[in-house]
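Let's go through some labels and check each against its definition. Each turn sets a value beside its cut-off.

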Amino acid sequence: MHNCDDDLCHAEEEDDDGLLPAQEDAGGTGGYWPAPLDAVGAAFRLLTTGPQPLALHAARIAGGLPDRLVPLDEITVLLLRPEVSAAARNKVWAELVRRARSGSPAWTVGLTGVALPGLTRAAADLAAAYDGDPRDLETELLAGFLATVRSLDLDDLDSIPLASRLMWAAFRAGRALACRDAAWAARRRDLDDSWQPPPRPAGHPDFVLATAVRRGVITAADAQLIGASRLEGIPLSRLAAATGRRHDSLCRRRAKAEKRLTRAISAGELEFPGIP
């Protein structure tokens, strides 16, 4: 994985404040509670886009897979390719489960991030029949998924179709909540149930970065730089031109901030809704 868009980065220390033009504080969330799947997705992106992305050496897990370290965002795409055998896919899932069960928060986020396409589809399928807060539904999906991860026999993973087992567990947990909610609504249908959750505010700061700012892991300027370059895809060269900063200075600043951020996520110092 590359560390910057154009030039190589250097390791020397440099302290740049006021990195980007004045913007709204990245630590201010306005009390907004993010969607749990969005929180996992943001954490997953940060763990897979830094200078040392969370990765697996795919060929050592199953034959026919790339003979190199493959970041987990690429693993997610790899597992969806029809040419990858079911046996190989299951071995990758088994390795992810083992690493998550080792107690590492980073690998728990990694496993859940790889499962996000399936979890997102399950949430969408259930949302039409659920009248409550969609964030509650996503929390139940994640709880069902993670409870099943914790209950698996680690000596028996190769004999279990792990992807379908985990997705169905998540779906059943979400469906149980939807059924409970429907029964509750039927008992009080004479009352006003017109409340809807507030819309997601436009342009709200990335909440994983905002949490890191509040905890003092990174500065607001660091969060703006990572958010703009990593999550919005703005090249560092363009940010350097817009702010009058040197490209290599921004590159070093981002690399140091991402290292601190990755350490905090790996140590479980940042909270993500639905992830214990």
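Buried means under 20% relative accessible area, exposed means over 50%, and partly exposed lies in between (1.4 Å probe, protein chains only). This is a predicted model, where local features need pLDDT of at least 70, side-chain atom pairs count only at pLDDT 80 or more, and totals for chains, interfaces and linings use all residues. Residues are numbered from 1 along each chain as its sequence is written, and side-chain values use heavy atoms, with hydrogens and water left out.

Q: Why is Ala-115 called buried?
A: Its relative accessibility is 2%. Buried means under 20%. Therefore Ala-115 counts as buried.

Q: Where does Ala-115 lie?
A: Ala-115 is in the loop between helix H5 (105-114) and helix H6 (116-127). Helices are DSSP runs of H or I with at least four residues, strands are runs of E with at least two, and both are numbered from the N terminus.

Q: How far apart are Ala-115 and Met-167 in sequence and in space?
A: They are 52 residues apart in sequence. C-alpha to C-alpha, Ala-115 and Met-167 are 8.0 Å apart in space.

Q: How many helices and strands does the protein chain have?
A: Twelve helices and two strands. From the N terminus on, the elements run α-β-α-β-α-α-α-α-α-α-α-α-α-α. Of the 276 residues in the chain, 48% are buried.

Q: What makes Ile-75 buried?
A: Ile-75 has 1% relative accessibility. The limit is under 20%, so Ile-75 qualifies as buried. Ile-75 sits in helix H3 (residues 72-78). Its C-alpha atom is 8.4 Å from that of Ala-58, 17 residues apart along the chain.

Q: Why is Ala-55 called buried?
A: Its relative accessible area is 15%. That value is under 20%, so the label buried applies to Ala-55. Ala-55 belongs to strand E1 (residues 55-57).

Q: What makes the pair Arg-45 and Thr-49 a polar contact?
A: A polar contact is a pair of N or O atoms within 3.5 Å; within protein, one must be able to donate a hydrogen and the other to accept it, and residues adjacent in sequence count only if both atoms are side-chain atoms. The backbone oxygen of Arg-45 lies 2.7 Å from a polar atom of the Thr-49 side chain. The distance is within 3.5 Å. Thr-49 lies in helix H1 (residues 36-49). At 18% relative accessibility, Thr-49 counts as buried.

Q: Why is Glu-95 with Arg-99 called a salt bridge?
A: A salt bridge is a side-chain nitrogen of Lys or Arg within 4 Å of a carboxyl oxygen of Asp or Glu. Side chains of opposite charge can pair when their charged atoms come close. For Glu-95 and Arg-99, the N to O distance is 2.8 Å, so the pair qualifies. Glu-95 and Arg-99 are four residues apart in helix H4, about one helical turn. Arg-99 is partly exposed, with a relative accessible area of 30%.

Q: What makes Glu-95 and Arg-98 a salt bridge?
A: Their closest N and O atoms are 3.9 Å apart. The limit is within 4 Å, so Glu-95 and Arg-98 count. Both residues lie in helix H4 (residues 86-101), three residues apart. At 33% relative accessible area, Arg-98 is partly exposed.

Q: How many salt bridges does the rule give?
A: The count comes to eight.
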